[in-house]
Amino acid sequence: MKKCIAILLAVALVVSGCSLFGGRKLRTDLDAIVLHNNFISNLTSGKVVKSEYGSNSWFQRLSGTREVIRFSRNDLAQRVMRFQEGYPIIPWMFDSLGYFDGTHFFYNYGGQWFVDQHDRFDHKLQPDYLGIPADLFENYKVQANEVYETFSGYDIYIQLFDGTSNYIEIDGTLNQDQLFKNIRISYYNYAVDAQGNPYYRTEYTDISYSSVNQPVAVEKPRDLSEEDIQYLTGKYDDHRSGASGA
């Protein structure tokens, strides 16, 4: 009798282990959106790579963008960020796009540095810029919000609808500490071609994370000198004081 029970327990353990090892186990006690929001809220440092591209033509793929963001905290506990931009098809080539020193955002245009006086780049400083845009949950209805436990961590799946024929699918992978490794946002927008045939115009945002909450060096761009920063900061302060006095 004891031998039979032992065999049954062994079989049950093997089946349970195989279901997790060979597939995924739905975790109804976890919420994909909550996992994402908690992760973004607790991000203090790391490296994020964002690629945005379409897939309906080679031109869309070739004209996509790839952005590398490094961020950390300075001695005043302020977030500092470095933005570099490139192209998915040329992964080794990047241009300096912007630098945030904790108080001012400096951006490069045509090889020259400027300070953001009109909050044009304020969206890049928002927490959700490093993950799923918050307005998606405001403008779309959540149809699926699932978390699956895997052998190496967790997978998430979120499906959003706008009430018409457009929808969004979000897939993500987390490690066992519930830290995201990557996210893919797939946009499906209903369209009709010149011949009157319906199809979905697809666009993707791929996000990968590394060095999460680990020491990350956020170096100032080489061509942005301390003299430039002081000069541009002075222009920013003069603009703000003039605006407030107007």
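This is a predicted model: local features need pLDDT of at least 70, side-chain atom pairs count only at pLDDT 80 or more; totals for chains, interfaces and linings use all residues.

Reader: Why is Q178 called partly exposed?

Author: Buried means under 20% relative accessible area and exposed means over 50%, with partly exposed in between. Q178 has 29% relative accessibility, so Q178 counts as partly exposed.

Reader: What makes phi of Q178 worth a remark?

Author: Most residues other than glycine have a negative phi. Phi of Q178 is near 65°, a positive value in a residue other than glycine. N213 also has a positive phi, near 55°, and is not a glycine. N213 lies in the loop between β12 and α5. With a relative accessible area of 33%, N213 is partly exposed.

Reader: Why is S45 called buried?

Author: The cut-off for buried is under 20% relative accessible area. S45 is at 5%, so S45 counts as buried. S45 lies in the loop between α2 and β2.

Reader: What makes the pair of S45 and Q214 a polar contact?

Author: A polar contact needs N or O atoms within 3.5 Å. A polar atom of the S45 side chain lies 2.7 Å from the backbone oxygen of Q214, and the pair therefore falls inside the cut-off. Beyond its neighbours within four places in sequence, S45 is in contact with F71, S72, S211, V212, N213 and Q214.

Reader: How do you know that the buried residues of α2 are on the same side of the helix?

Author: The buried residues in helix α2 (residues 32-41) are A32, I33, L35, H36, F39 and I40. They cover an arc of only 160° around the axis, which puts them on the same side of α2. An α-helix has 3.6 residues a turn, so residues three or four places apart point the same way.

Reader: What do the buried residues of α2 pack against?

Author: They pack against helix α4 (134-139) and the strands β8 (141-149), β9 (153-161), β10 (167-175), β11 (180-192) and β12 (198-210). At the start of α2, a side-chain oxygen of D31 comes to within 2.9 Å of the backbone nitrogen of I33.

Reader: Why is the pair of F39 and F180 called tilted?

Author: Rings pair if their centres lie within 6.5 Å, and planes under 30 degrees apart count as stacked, over 60 as edge-to-face and the rest as tilted. The structure holds 12 aromatic pairs. In the pair of F39 and F180, the centres are 5.2 Å apart and the angle between the planes is 55°, so the pair is tilted. The pair links distant parts of the chain, with F39 in helix α2 and F180 in strand β11, 141 residues apart. Both F39 and F180 are buried.

Reader: What makes Y53 and Y204 a tilted pair?

Author: The ring centres of Y53 and Y204 are 5.6 Å apart and the planes are at 35°, so this pair is tilted. Y53 in strand β2 (residues 46-54) and Y204 in strand β12 are 151 residues apart, and the pair links distant parts of the chain. Y53 counts as buried at 15% relative accessibility, and Y204 counts as buried at 16%.

Reader: How do you know that R24 sits over the ring of Y148?

Author: The distance cut-off is 6 Å from the ring centre, and the charge must also be within 35 degrees of the ring normal. The charged end of R24 sits over the ring of Y148, 4.1 Å from its centre. R120 lies over the face of Y107, at 5.3 Å from the ring centre. Y107 is also one of the rings in a cluster, linked by ring pairs, of F83, F105, Y107, F114 and F121.

Reader: Why is L232 called buried?

Author: L232 is at 7% relative accessibility, against a cut-off of under 20%, so L232 counts as buried. L232 lies in helix α5 (residues 226-245). Not counting residues up to four places away in sequence, L232 touches F106, W113, F114, V115 and L224. L232 and W113 are 119 residues apart in sequence and 8.5 Å apart in space, C-alpha to C-alpha.

Note on methods:
Residues are numbered from 1 along each chain as its sequence is written. Side-chain values use heavy atoms; hydrogens and water are left out. Buried means under 20% relative accessible area, exposed over 50%, partly exposed in between (1.4 Å probe, protein chains only). Helices (H or I, at least four residues) and strands (E, at least two) are DSSP runs, numbered from the N terminus. The arc is that of the directions from the helix axis to the C-beta atoms. Contact means heavy atoms within 4.5 Å. A polar contact is a pair of N or O atoms within 3.5 Å; within protein, one must be able to donate a hydrogen and the other to accept it, and residues adjacent in sequence count only if both atoms are side-chain atoms. Rings of Phe, Tyr and Trp (its six-membered ring) pair if their centres lie within 6.5 Å; planes under 30 degrees apart count as stacked, over 60 as edge-to-face and the rest as tilted.
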